[in-house]
Each structure stands twice: as C-alpha cells, then as structure tokens.
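Colleague: Could you walk me through how the labels on this one were assigned? I'd like to see each value set against its cut-off.

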Amino acid sequence: MRLPIKSGWLLVLPFLLLVGGLFLGPILNVLWISVTDPTPGLDNYAQLGSSDTLRRILWTTLRVCAICTAFSVILGYSIAYAMVHATGPAQSRMLGLLLISFWISVLVRTFSWLMLLGRNGVVNSTLDALGIISAPIPFMRNELGVLIGMVHYMVPYAVLPIFAAMQSIDGRVVQASRSLGGSGAQTFWRIYLPLTKPGVVAASLVVFIINLGFYVIPAVLGGGKVLMVAEYISVQVLITLQWGTAAMLAAILLFGVLALMFIMSRFMKLSTVFGGART
Amino acid sequence: MHDKNFMRETLLQGAQAFQAGKMQRRSFLALCGMAGFASASVLAGKAEAAASEIVMWNWGGQSEECHQSAIGAAFTKDTGVPLKFDTSGPLQGKIKEMVDSGNVTADVCDADLFDAVALGKTGHLEALDYSVIDKTKTIDGYALEFGISIILYGYAFMYDTQAYPDGPPTSWADFFDTAKFPGTRSLYKWANGSLEAALMADGVEKDKLYPLDIDRALKKITAIKADTIYWGSGSEAQSMIVNGEVSMGMVWQNRGRSIETETNGRYKLVMNQALAMPGAYIVPKGNPGGADVMKFIATAQSVPAQLDLFACLGMTPTNPEAIAQMAEVDQPYSITSAANMPMIALNDPTWWGENTDTAVNAFLAAIS
C-alpha cells in the first residue's frame, strides 16, 4: 500500500504539532500585539521613523553585535585551527575545556569580569601597584566592557562550527598546494580559508543571532549606558507596559534574522552551513 | 469561557477536598489532568493556591523568610490559613499578564503603591476591603482604593568617607556637584528616585516635587552622565559601593544600615533629602484565596509584624504606632522617624502610576 505522504512524516507529526502550538502560536500572538496594541494599525512600526531613541537602540545593538561577531569568529578561528592540529589527548583536553566554559553561568562570568577588570579589580590594582598607570583604566561599565563580556561568552559558539569545517578538510589538498609551489600564506588564503568558509559563515550567523538577544551582559557591564534592544523590550513589557512597542521590536528582530538567513542563502546552501548533507 | 470557569470551580472544590483529606492525591491529580492542568504545575503549588491558602508574590531571598516570620506565622495562627510564596517578582507587566491570562495564582503582591494606581485603573486589581484593613495604620495618603502601603523603602545616597576627608557631601546638590566632590556616582536606572534627586539638587523644594519636571531633571542628570553609572538591582547598587566603583552611590535606603555595618563605617548613609517610597500590598483581580487576603493585609499592619519586618529587612513601618515604639538606636534608619521626617521627601504614587511610561522612557533615552 502506498501512503499519499511519506510515512516518515507521521513520525515527526507530533513534534510538528508541538512546535506549531508552543512556538508558532506565541510568535503569531506577538506579531498580533505589534499591530493591535494600543490601537490597531502600524503606529508601533511608525515609531521607528519618528523616535530617535529607538533608532539609536537598534543601531547600538547592531554595532555591538557586529563587532562582537567579528572578534569572536577571528578568535574562534585561531582556537579551532589549534585544536584541529593538536593530537589525540591534547585535542580532547582542549575540547573539554571549551565545553566546560559552556556551563559557566552568564551571571558568574559577568561578576568575574567586574572582579578582574573593574575599577578596583585585579588588573587595575596590579598595574597601579607597579606604577604603570596613575588612574584606573575604565574597562568595565561601558561599551568596551560589554564587548569583552560578550566576546568571551560567544567564542565557544564560534569555535565549534569552524572546528567541524576544518576537520572535514582533506589534508592532502594542502600538501598538494605546497608541492605545487604555493607558499604557506598562499595555501592558507587560497586553499584553506575558502574550504572553511561554510564553517566561518555558520559561526558568524550563530554568534550574531545569539548576540541580538543579549540582556544580562550589556545591562550589567554597560553600566546602564549601553542599552540594547533585548533590555529595552523587557523594560517595555515589565515596567512601562507598552507591549505594542515591545512586540514591534521583537518582530523587527525576528524578521531581521530571517532576512539575514535569506541573504546568506543566496550565496550558499544553508544546509551545508548547518551541517546538512552536501549535495 | 464558561467551561474554563466551570473547570476552575471544579478544581477549586477538588483542591479543597484534597486539602481537607477527603480526596486522595491520585484522584485530585486526575481531576487536574482532566482540567488540563499539568501535574508539574500543580505540584509546584499553582492550583494548590486554590486550596485555602494565601500566596504572596514577592522578590525572594531574605524577604521570603522575613515575611513568613513577621506576618505569616501570626496570620496562620489566627486563621489557620498557611502563607506560601511565589518569589518571581511581581512587576507590573507580570501582574497584567497573569490577570489577562485568567490563571491567577497569587493573592497578594509585594509591590509599589504606584503599581496600585496604574493597574487599578486598568481593572487588574481587587479593591481593598477597608472594613478589615485599617486606613489609619498607614501614612496619610498612602491608603488607596487598590493598594495600601505596609512598609516604606526609599532612595538615599552613601559616600566613601575616605574620598572626602575635608567635609562630606550632605545633599543631592553635593551629589550632583562633580567639581566640589569629584568621583564616579551611581543612580537607579529606571528613573524612579533619580528624577526626584536631580530636582532636589536643582533647588526644587522637597514638598513641591510633583508633578515632576522631567526635562529639568534630565538636564541635571545628563550634566554628570560622564561621571555616572547606573544600577538595576539592590545588590548591584551595593556592590558598586563596596567594591569602590563609585565614591557616591544611590541606594535603597533600607540597605544603607547593613552596608555601613559591613564596611565598618567606611561608607556612610546620608538621610537628608531621602525619598520615602511606599511599598504596597496589592491584590490581583480574581485572586484564588479570596477574602482571606484582606485579613492577611490587616495582620501585616499590626505593630509586632511591622517591627519584625524592620528588624529583618530594614523597611520602615508605616503604622505610626509601630514607629513610636521603635528603639532609639533604630530611629535614624527609619525613614519617617520624627527626626528624619523634616528632612525627607515623600513619593507621590499617583504621579508615578500615571506617568511611569513617559518618565522611564525619557530617562532611558537620556542615559543611553
């Protein structure tokens, strides 16, 4: 007997229903609120044109996320490169350390940074005791602090996709390049880097998208002056009760991410990026 | 909608039967299952709120123990009704969401009096029963239709005694004067208290603050923005001070005493021009515990409860009788004591209840 649809779909059907009910439902609700609260229409979206504050918050968010993504991916690339060229036990140890850092809570990290780099932190007091500085260096409670905290959090997320991409490279192509007279630099820029491009793109996407939702790190390490969109949404939901504005910003984030993925998909197969079969 | 109400009633009766031991746990859970309540949430105390008990929604930590010992014990002794806690923090948005969803699981929120104004207006709160609760056991003007002030906290500032050996800052004007008193400051990042402080610094009389002139306040605040960092929670405010990140920092007044003690007096609290904030009890519309909650609020007004809360959390009693009975050594830390009263300003919950959105968003736009 032939089913009109492949039987595999029946197996995933319960999960599709769960996703539909518990994920799409609330998202549709948010979209609905964004065009109905407080009055029906596109007033909430019109604020983007009229409010300097909203535009500044979105710009801060994009700027911080872009800078953080760049640093995380560059650092992640170096770490992945070192890992892929380490041998057996060393590589497992490195992977272990990387995974452990996933388990450290964001609050612990945040307050550790304050201990280390704060005004009276370990670094500033050491430099001061050595007579290198006369006034503390303001590492924290500003945009630099936010970037340090965010990059530190995101590096492991950048390493894993790049590491996976590097592992799948056939080492013989590098040898071939060298044996045909390519220099080390040429081999890296023209052979190795292009081959790891899917990993780099995946890492950038993952890091950027997770960054967009950062809340605790900017709120604490930014000293109140680096206001990013996630914190602003939370204030509008919990304190000022402007749910329409909050829903509109959430919708903008959602569509922004979807648009980003669409643009990426014009350049490469997203399934490759996320580890799907290469067809 | 009717079905939902019917199931609620059924559940409520089931829960009461369960509580009284007339129904087996298994049958009760089966009933909950039929009603569509996940048993996990039942076990977590959600539907159990229906079974004659009062659930207080507060901020957790120390305040859970303190409310239990100061108010809960006496209340349970008098009424036989136990006090339970939800410690997720009753912010306005969460209360609104809970009431709108029709699944109200809390009876009384440890909130602000301006929340009573804002949410009372939109129909999210139960009116208080002033035949049970006593209007005279609070400060004049702090017994409103939808909420009553039980304790006071406040906004004041602390300074580092080592930073200013030649003469300490004594007023908000000094706090905002970075030429005379150099060093980093900290302010509360969601406008409350910070706006009043700025206006007092700018010369506005403490009893003529409201309606707040937001633009004037923000001008003062942005003038010292380069020397200011902003905090969002009490523990953050405290760590900014004790870790030496700021030379002067705004704090919640009730925490000042413990910071002074912990630092052996290095950081000192300035009570002059402190802003007294009415912390209030409010009741979400359709609370599961019903009218018992009014008795709970009345218990919280009693002198022993008020004095215990002060000892436990540093929150100033609102019942004048409790203030009168306070020990001499506690008086300076009680924001409305006879000695402090001429120095401090009183928050206007009605202005904040009506203007929170404008004030907070203008403040955020100015500091970010």
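Modeller: Let's start with burial: a residue is buried if 20 or more other C-beta atoms lie within 10 Å of its own, exposed if 12 or fewer, and partly exposed in between, with C-beta atoms placed from the backbone. By that rule, 51% of the 368 residues of chain B count as buried, and in chain A buried residues make up 32% of 279. Keep in mind that this is a predicted model, where local features need pLDDT of at least 70 and side-chain atom pairs count only at pLDDT 80 or more, while totals for chains, interfaces and linings use all residues. Residues are numbered from 1 along each chain as its sequence is written, with chains lettered from A and ligands numbered from 1 in the order in which they are written.

Colleague: What makes Leu241(A) count as buried?

Modeller: Leu241(A) has 23 C-beta neighbours inside 10 Å, so Leu241(A) counts as buried. Its phi is also positive, near 60°, in a residue other than glycine. Most residues other than glycine have a negative phi, and most peptide bonds are trans. Leu241(A) lies in the loop between helix 12 (229-238) and helix 13 (243-267) of chain A.

Colleague: Why is Gln273(B) called buried?

Modeller: Because 21 other C-beta atoms lie within 10 Å of Gln273(B). Here too phi is positive, near 65°, but Gln273(B) sits in strand 9 (residues 267-282) of chain B.

Colleague: What counts as a helix or a strand here?

Modeller: Both are DSSP runs numbered from the N terminus: helices are H or I, at least four residues, and strands are E, at least two. On that basis chain A has 14 helices and 0 strands, while chain B has 15 helices and 11 strands.

Colleague: How do you know that strand 1 and strand 2 of chain B pair?

Modeller: Two strands pair if DSSP finds at least two bridges between them. Strand 1 (residues 54-57) and strand 2 (residues 83-86) of chain B have 4 bridges, in the parallel sense, so they pass. Met56(B) stands opposite Phe85(B) there. Strand 1 is also joined by 2 bridges to strand 3 (residues 108-112) of chain B, again parallel, with Trp57(B) partnered by Cys109(B).

Colleague: Which way do the side chains of strand 1 of chain B point?

Modeller: Ile54(B) and Met56(B) go one way and Val55(B) and Trp57(B) the other, and all are buried. In a regular strand the side chains alternate between the two faces of the sheet.

Colleague: What makes a crossover right-handed?

Modeller: With the strands pointing away from the viewer, the path from the first strand over the helix to the second must run clockwise. Strand 1, helix 4 (residues 62-79) and strand 2 of chain B make a right-handed β-α-β unit.

Colleague: How many residues of chain B are in contact with chain A?

Modeller: Contact means that the C-beta atoms of two residues, placed from the backbone, lie within 7 Å. By that test, 22 residues of chain B touch 19 of chain A. Helix 15 (349-367) of chain B gives the most to that side of chain B, with 7 residues.

Colleague: What is the peptide bond from Asp37(A) to Pro38(A), cis or trans?

Modeller: That one is cis, with omega near 0°. Pro38(A) is in the loop between helix 1 (8-36) and helix 2 (43-50) of chain A. The bond from Tyr210(B) to Pro211(B) is also cis, with omega near -5°.
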